Amino acid sequence: MAGHPQNIIFLSCDAFGVLPPVAKLSSGEAMYHFLSGYTAKVAGTERGITEPVATFSTCFGAAFMTLHPTVYADILQKKLDQHGTHTYLVNSGWAGGAYGEGKRMSIKTTRTCIDAILDGSIQHTEFRKDPVFGFDVPVELDGVHPEVLNIRGTWSDPEKYDKQAKKLAQMYVDNFKKYEGKGSIDYTQFGPKAKANGGASISETSF
């Protein structure tokens with residue numbers, strides 16, 4: 001019988017071009033994103049979808065949850081704390097702009113992020129706090145352009161990114177209202193701050 005995992009990865013596909021390719025989550029942030037289940041429906045994965053559509057699927061599998069989602073969140077958080085498991089949000093979506101403007105992140109970038117998680121090297125890098133979403137983002141990661149890690153810098157118009165980030169943050173906040181005051185812990189405090197400002201701009205690069 002296998003032991004408990006050292007790492008848990010939540011996989012998202014952000015069609016707004018806002019989320020970084022990888023972010024480290026605290027225990028509370030992990031539960032917030034677990035309950036949110038944010039991703040995008042993309043062409044080729046669901047019928048009738050011709051372009052990405054943002055969606056929130058509770059626990060990344062809403063259709064299969066038989067109990068209230070906060071029950072699963074409480075159990076998962078206890079396991080994370082008990083076994084010291086690290087949790088990461090990996091985004092395979094767009095950079096340099098939303099769908100239609102930016103480009104989809106390369107499979108190589110996503111694989112490199114996951115490799116860094118699995119081999120533990122990501123734990124030895126420097127992190128910065130995202131001003132809107134609050135999670136920790138690597139400043140450097142071997143094999144990934146630093147400009148892509150600071151996703152705002154991939155946009156030609158940083159102010160447009162800021163508006164897009166606030167839009168996505170508000171979507172998170174609105175979606176999470178149904179969990180306020182539910183479960184043993186109110187995880188609302190670990191969500192994004194829709195009114196926060198973005199960081200400094202950096203030059204454009206390939207993704």
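Mentor: A residue is called buried under 20% relative accessible area, exposed over 50%, and partly exposed in between, with a 1.4 Å probe applied to protein chains only. The model is predicted, so local features require a pLDDT of at least 70 and side-chain atom pairs a pLDDT of 80 or more, while totals for chains, interfaces and linings use all residues. Numbering starts from 1 along each chain as its sequence is written, and side-chain values rest on heavy atoms, with hydrogens and water left out.

I begin with the salt bridges, of which the structure holds four; the term requires a side-chain nitrogen of Lys or Arg within 4 Å of a carboxyl oxygen of Asp or Glu. D162 and R152 form one of them, with 2.7 Å between their closest N and O atoms. D162 lies in helix α5 and R152 in the loop between α4 (146–149) and α5, so this bridge ties together parts that are ten residues apart in sequence. Helices (H or I, at least four residues) and strands (E, at least two) are DSSP runs, numbered from the N terminus. R152 counts as buried because its relative accessibility is 9%, and D162, at 15%, likewise counts as buried.

E101 sits in the loop between β6 (94–95) and β7 (103–104), so the pair ties together parts that are 59 residues apart in sequence. K160 has a relative accessible area of 38% and is therefore partly exposed; E101, with 52%, is exposed. A further bridge joins D136 to K129, whose closest N and O atoms are 3.2 Å apart. D136 is partly exposed because its relative accessibility is 24%, whereas K129 is exposed at 53%.

D14 presents another case. Its place is in the loop between β1 and β2 (22–25). D14 is buried yet has no salt bridge, and the nearest side chain of opposite charge, R104, is 10 Å away. In this count Lys and Arg are positive and Asp and Glu negative, with His and the chain ends not counted. The side chain of D14 does make a polar contact of 2.6 Å with the side chain of Y38. Such a contact is a pair of N or O atoms within 3.5 Å; within protein, one must be able to donate a hydrogen and the other to accept it, and residues adjacent in sequence count only if both atoms are side-chain atoms. A polar atom of the D14 side chain also lies 2.8 Å from the backbone nitrogen of L19. Leaving aside neighbours within four places in sequence, D14 is in contact (heavy atoms within 4.5 Å) with L19, Y38, N91, G93, W94 and L168.

Y38 leads on to the aromatic residues. Y32, Y38, F56, F133, F135, Y172, F176 and Y179 form one aromatic cluster. Rings of Phe, Tyr and Trp (its six-membered ring) pair if their centres lie within 6.5 Å; planes under 30 degrees apart count as stacked, over 60 as edge-to-face and the rest as tilted. The structure holds 13 aromatic pairs. In one of them, F10 and F34 have ring centres 6.0 Å apart and planes at 20°, so the pair is stacked. This pair links distant parts of the chain, with F10 in strand β1 (residues 7–12) and F34 in helix α1 (residues 27–36), 24 residues apart. F10 counts as buried because its relative accessibility is 6%, and F34 counts as buried at 13%. The rings of Y38 and Y172 have centres 5.4 Å apart and planes at 55°, so that pair is tilted. It joins Y38 in strand β3 (residues 38–41) to Y172 in helix α5 (residues 158–176), 134 residues apart. Both Y38 and Y172 are buried.

The cysteines remain. A search of the whole structure finds zero disulfides, the term being a pair of cysteine sulfur atoms within 2.5 Å. For C59, the nearest cysteine sulfur is that of C13, 20 Å away. C59 counts as buried because its relative accessibility is 9%. For C113, the nearest cysteine sulfur is that of C13, 14 Å away. C113 has a relative accessible area of 0% and is therefore buried. C59 is placed in the loop between β4 (53–56) and α2 (69–83), and its phi is near 60°, a positive value in a residue other than glycine.
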